[in-house]
Amino acid sequence: MAAEDSQFQLVTFKLGEELYGVNIMDVKEILRQQNVRIIPNAPYYVEGIINVRGEIIPIIDLHKRFRLQAMAQVDADGLEGGFIILDIDGSKVGIIIDKVERVVTVNQGDIKEPPQMLSGIGSEYIEGVIRQEVGYLIVLNIRKVFNPKELQKIIEIQ
């Protein structure tokens, strides 16, 4: 039972109209929008690369990966149109987000199985959902968003 009560933190962000979260331990940094250099022959969901202090980071468009529409308008109170740089098993990958929300502390026991159909994204990418006053916080398992072959191909872009 202690495992279910363990707490951890999520960095939450908007993709379209949905609220997502990734484990803060996987987040290296959050960056404002910047120019992305297009890479020819990259997978459809790879937007390109950016240079972060001399390190080349591939940028993934989760809108394309999950087949979601971008948010129509962003509030002035948040970081808009930025990137979250993730460390996936030692490899850095950036994801495009519509808006950073906040860091939240959650209990492992609050995470529930996702509903059968959740905004069109595959349940294989979802660790679970946390019910909120309005809607759900979708907890992504960032390691499952890319299978090992895809991740290797993305890393080779660097």
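This is a short tour of the predicted model, stop by stop.

Before you start: residues are numbered from 1 along each chain as its sequence is written, and side-chain values use heavy atoms, with hydrogens and water left out. In this predicted model, local features need pLDDT of at least 70 and side-chain atom pairs count only at pLDDT 80 or more, while totals for chains, interfaces and linings use all residues.

**Whole chain**

Show the cartoon. The chain has three helices and 10 strands. Helices (H or I, at least four residues) and strands (E, at least two) are DSSP runs, numbered from the N terminus. Their order from the N terminus is β-β-β-β-β-α-β-β-β-β-β-α-α. Of the 158 residues, 47% are buried. Buried means under 20% relative accessible area, exposed over 50%, and partly exposed in between (1.4 Å probe, protein chains only). Contacts here are heavy atoms within 4.5 Å. Among contacts between residues at least 6 apart in sequence, 59% join residues at least 24 apart.

**The five-stranded sheet**

Select S8, S1, S2, S10 and S9. In that order they form an open sheet with mixed pairing. Two strands count as paired if DSSP finds at least two bridges between them. S8 (99-107) and S9 (126-131) are the edge strands; each has a single partner, so one side of each lacks a neighbour in the sheet. Neighbouring strands are turned by 30 degrees against each other on average, direction ignored. The axes behind that angle are lines fitted to C-alpha atoms.

Start with S1 (residues 7-15) and S2 (residues 18-23). They pair in the antiparallel sense over six bridges. Pick lysine 14: leucine 19 in S2 stands opposite.

Leucine 137 in S10 stands opposite leucine 19. Here S2 and S10 run parallel, paired over three bridges.

Now take S10 (residues 136-140) alone. Four of its five residues are buried, so the strand is largely enclosed by the rest of the structure.

Move on to S9. It pairs with S10 in the antiparallel sense over five bridges. Valine 129 stands opposite isoleucine 138 in S10. The two strands form a hairpin with four residues between them. Zoom in on glycine 135 in that turn: its phi is positive, about 80 degrees.

**The cores**

Show the side chains of Phe13 and Ile60. In the largest nonpolar core, which has 29 residues, these two touch the most other members. A nonpolar core is a set of buried Ala, Val, Leu, Ile, Met, Phe, Trp, Tyr and Cys residues joined through side-chain atoms within 4.5 Å. What does phenylalanine 13 touch, not counting residues up to four places away in sequence? Its contacts include Leu19, Tyr20, Val22, Ile84, Ile95, Ile97, Val100 and Leu140.

A second, separate core has nine residues, among them Val104, Ile111, Ile130 and Leu137.

**Aspartate 26**

Go to the loop between S2 and S3 (27-31) and select aspartate 26. Is aspartate 26 buried or exposed? Aspartate 26 is buried, at 11% relative accessible area.

**Last stop: isoleucine 30**

Select isoleucine 30 in S3. Isoleucine 30 is partly exposed, at 34% relative accessibility.

Note on methods: Axes are lines fitted to C-alpha atoms, for helices over the stretch in contact, and angles run from 0 to 180 degrees between N-to-C directions.
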